Each structure stands twice: as structure tokens, then as C-alpha cells.
Amino acid sequence: MSVAQMTRLEYRDIKPEIGAKVHADKAALLSGVHAGELRELLEQKGVLVFPQMNFTDEEQVAFTKTLGVLAAEMRGDEVYKISLDKSQTSTADYLKGTFFWHFDGFMNKVPIRASILSAKVLSETGGDTEFANTYAAYDALPEERKTQIENLRAVHALAATQLDVEPEPSYATFKEWRAVGRRELPLVWKHDSGRKSLVIGNSALNILGMDPLDGKELLIFLRDWATQERFYYCHKWTVGDAVMWDNTGSLHRATRYAFDSKRMLHRTKLQGEEPLA
């Protein structure tokens, strides 16, 4: 393959406001020749799909490092196994919260920049991954709604995500969730680039200074707005696919699949680059 061929990144839009399908040689991706263009494309489209890339773990780690700094997982691992099988993943119970719209790392002052998933084993039913572009969703809001939410802040907590999974926990369980902590975050992320995105998802418990029901109504409105068809993409996995998404400007969730499924995806993450406070 010539240098000219290696440096030409081919892709097509999946939808006008979310998603691009990238067709690139694996060797070119691993070389980093496309890194700058991929980062720009990721911010614009929110989700990049690499069909049948068939990354090994080592290749996925290497590709991630071409795009920025690899973010280690909780125990220092470079790759995290997304599975509901406790023998494969010690945090499998918490992964049940991924059936609801969310972004990753809300407890971190600097949330991760992006994530990459590779499909290894699929579930018999369900197990797709859905995405929503919160940059595009913010841009399309009516001006009066933008004014309303411009300076509002919400409380985000692990407890909020787990109440979706277990609505009636024991007091002891709830205290364990609460002990993880909470963060107060803006509803609107004002990025260094000058662009803005919505900071929402199932980790948002309430809005500061608002009646609880009024705050919940606003959060539900914004979630439904951001996840409407024009900003939404559902990836139906085939083994070998790799998908990357912008964690600072999108939401994601998995569609329901059986708890005893052998579904297995491998994740790598790009370290965050911009504080959210």
C-alpha cells in the first residue's frame, strides 16, 4: 500500500448529526497517521464505527494510544471486560446500570475523553449499544430553553444510577452507594473549544434550587430531547466491530440482554483532557 493510500481516511456519515462509519486499513490506524483527523471527526460526529476491525487487545491499546493518553481501569488494567458474568468482571452488578442513558466518569473532575469498544462475544438477543449526541442536542434547543438551563447545576451520584436497577434497596445498600460520593455539575458543559453540550443521564439525581418534581421534569425533558431520532444512533454489533465515542459530548446505553448472557466487549479509554466543574 502506498503512503498516499495509507494517509487517506475514508468514511461516510451515518446520520447528519451523529455517527460516521470509518473504512481504514488497520496498519494505518495503528501507525497513528489518521489520529488528528479521527479526533476532529469524533468531536463532530460523536460516534465512529470501525466495521470488522478485529483488534486484539494489544492492537486496541496501541490504537487508543495514538489518539491520546490511555486511561487505566480501576485496578490499573489497560483493558476492561464488559460482561455481566462475575467470573469475568468483578463489577458486573454495577454494569446493570448501563441499560440506562449515561456518560462515564461523572465522579471525576476530568471525565474520560473517549472510549473504544470491541465486540468479542454477542448475546442471543439485545445487547446493541445506543448513542446520542449531546453537542447537537444542545445546539438545536430553542433559545428560551438554553437561557433557562444556562447556569443550572445538578447533583450526580452513583446512588442515582443504582436506584434505576434496584428501586427499593435496603438502607445498608443505599448507604454503600451514597458513600461513593456525589458531584454537582452544570447542565451545560462550556467546552474550551467554545462549543456546548448537555450534561445529563441517569447519574443526575436532581437540580439544585428547584422543586424536586420540577427538576426531575426538566431532566426527563432534556433526556428525551437529546435521545430523539435525529441525534440517536443504535449500533448492532457483529463480532470484530470496534466503536469509539466522545464521552464529553454524548450519552450511551446498552439495550437489554439476558443477565446470564456470555456477551463480552473489551473497552479501552482515552484520558480526560478538560475539567468539568
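Strands are DSSP runs of E, at least two residues, and helices are runs of H or I, at least four, numbered from the N terminus. Two strands pair if DSSP finds at least two bridges between them. I found Tyr-11 opposite Val-22 in β2. β1 and β2 form a hairpin with six residues between them. Gly-19 in the turn has a positive phi of about 90°.

A note on the source: this is a predicted model, where local features need pLDDT of at least 70, side-chain atom pairs count only at pLDDT 80 or more, and totals for chains, interfaces and linings use all residues. Residues are numbered from 1 along each chain as its sequence is written, and side-chain values use heavy atoms, leaving out hydrogens and water.

Next, α4 (residues 57–67). Gln-60, Val-61, Phe-63, Thr-64 and Leu-67 are buried there (under 20% relative accessible area, 1.4 Å probe, protein chains only). They sit on the same side of α4, because they cover an arc of only 165° around the axis (taken from the directions from the helix axis to the C-beta atoms).

Then the cores. I used sets of buried Ala, Val, Leu, Ile, Met, Phe, Trp, Tyr and Cys joined through side-chain atoms within 4.5 Å. The largest has 30 residues, and Ile-149, Leu-187 and Leu-198 have the most contacts inside it. Its largest share, five residues, comes from α9. A second, separate core of 20 residues includes Leu-9, Phe-50, Phe-63 and Leu-67.

Notes: Buried means under 20% relative accessible area, exposed over 50%, partly exposed in between (1.4 Å probe, protein chains only).
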